[in-house]
Amino acid sequence: MAFDYEYSPSRDRGSCSTIIVGKDASATGYVLVAHNEDDYDCVIQVHKVPRIRHKPGETIRFADAKGVIPQVEETYAYQWSDFRCEGGISFADCFVNEWGVAVVSNACRPSRIGEEKPEDMGIGYGLRRLVAERARSAREAVEIAGALIEEFGYTSGRSYQFCDKNEAWVFQIPTGRRYVAKRIPDDHVYMIPNNYTIHEVDFADAEHKNCYFSKDLVEYAMKNGWYQPAVPGDYSDFDFARAYQDGPDKVHNLIRARQTWPMLLGERPEEWRPFSRKAPRKYTVAELRRLLSSHFEGTEDDYNNGYERNPHIDRDPCPLCNAMTAESSVIEFAEEPAMPCIWRAAPKPCISPYVPWYLGAKRAPKGYQWLPVTVSQDTHFAPGEEELHIDVSKAFWAFRVLQYFTEFDYKGTHETIRKSADELEAAWDAEQPAFREKCRS
């Protein structure tokens with residue numbers, strides 16, 4: 001299936017895009033993660049959460065699911081992008097923990113649902129946080145997430161990306177107790193908008209070198225009539241994405257795949273939802289920052305007419321930087337545990353600078369955090385109404401107000417703003433080698 005579609009302004013909306021570069025395809029020699037988190041009506045604060053020791057017998061429960069989950073003896077420290085909105089949001093927050101394990105995700109809807117209904121499952125939002133609190137590597141993140149899903153069941157359809165400096169894993173889940181995970185080859189680049197992308201499953205990989213999967217992944221699909229092997233007992237033709245996604249790709253996902261892959265590869269793949277492709281070159285942090293800022297300028301999916309039309313209005317064809325983008329980040333891993341740099345821009349990366357955040361920082365800068373960590377955790381699904389009102393003393397709102405200045409004249413304002421942001425980023429880029437050397441000494 002090629003990337004063909006018909007554009008319709010009334011199509012269903014989409015959100016979130018992730019690009020991952022294997023360590024051998026990265027100019028840094030380590031894995032790179034680029035992610036746009038797209039959600040309406042959110043405000044974002046950033047926390048540095050410390051290690052916490054827990055009492056014997058302690059449990060934890062999250063407000064969006066039924067599971068009562070035993071707590072571990074000690075949870076690890078992490079940086080946390082806390083997305084807050086009226087009624088709470090289960091599937092937006094991003095994490096990077098003290099071991100350099102990153103957690104980002106993409107919706108995969110519509111996901112097929114069998115007899116296991118979302119309302120009966122025991123874990124949703126909690127999965128990402130528990131992985132951040134417990135995993136010392138991307139591989140261990142897969143194992144932790146798989147065990148939690150098998151025990152408690154998951155409430156949605158989603159793709160998680162668990163990454164560290166050396167390995168990147170894609171972990172895809174339909175509603176219920178099934179999952180499949182696949183490692184991105186070190187010399188490959190990966191891109192996902194919002195659909196399942198794992199196709200072939202290596203059921204012979206008993207040592208889990210490159211693949212993990214639920215024992216009844218195929219049987220459950222067959223039981224529900226989603227898959228039947230061409231030859232009874234031979235599952236070599238099993239395709240997870242085709243079996244577990246309900247219905248065709250949404251138009252906005254096809255558009256993003258259609259335009260992002262050529263920017264990465266110089267050509268357009270023809271296969272149906274490619275998982276990853278061998279990289280034709282090494283990618284840089286700066287290149288990924290610009291990719292995440294793209295509105296597909298100069299392509300057949302550029303509906304901006306030379307920026308006569310604001311690319312952030314709802315009728316846009318959902319490029320990487322779109323009406324819903326609330327935070328953009330590029331995670332630059334490093335050898336030392338404290339040295340990964342998370343380059344963050346909010347809300348729109350095309351008109352906001354990517355600010356460098358080091359994982360070893362002890363606290364969030366003034367203005368980026370307005371509630372204590374424990375209060376934010378307790379109120380994640382019930383934020384105060386005052387948090388959602390404009391307050392330019394908070395960094396997120398300051399950048400949001402800057403965006404508002406572009407709403408009615410993007411063409412006349414964005415170049416000036418972008419020039420200033422580029423100058424800031426160039427200065428910060430130039431400072432990094434000396435800063436990192438100073439931190440190491």
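Guide: Start with one pair of residues in this predicted model. Thr 18 has His 35 in β2 as its bridge partner. Strand β1 (residues 17-21) and strand β2 (residues 32-38) pair over five bridges, in the antiparallel sense.

Now turn to another partner of β1. Strand β14 (residues 188-192) is joined to β1 by four bridges. These two strands also run antiparallel. In general, strands of a sheet pair through backbone hydrogen bonds.

Next, look at the side chains. In a regular strand they alternate between the two faces of the sheet. In β1, Ser 17, Ile 19 and Val 21 lie on one side. Thr 18 and Ile 20 lie on the other. Both faces are covered, and these residues are all buried. Buried here means under 20% relative accessible area.

Finally, step back to an open sheet. Eight strands form it, in the order β3-β8-β9-β10-β11-β12-β13-β15, with antiparallel pairing. Its edge strands are β3 (43-49) and β15 (211-213), and each pairs on one side only. From one strand to the next, the twist averages 15°. Helix α1 (residues 126-134) packs on this sheet, and β9 is among the strands it touches. The direction of α1 makes about 10° with that of β9.

Key. Residues numbered from 1 in each chain as written. Predicted model: local features only at pLDDT ≥ 70, side-chain atom pairs only at ≥ 80, totals over all residues. Heavy atoms only, no water. Pairing = 2+ DSSP bridges. Axes fitted to C-alpha atoms, helices over the stretch in contact; angles between N-to-C directions. Contact = heavy atoms within 4.5 Å. Buried < 20%, exposed > 50% of the residue type's maximum accessible area, 1.4 Å probe, protein only.
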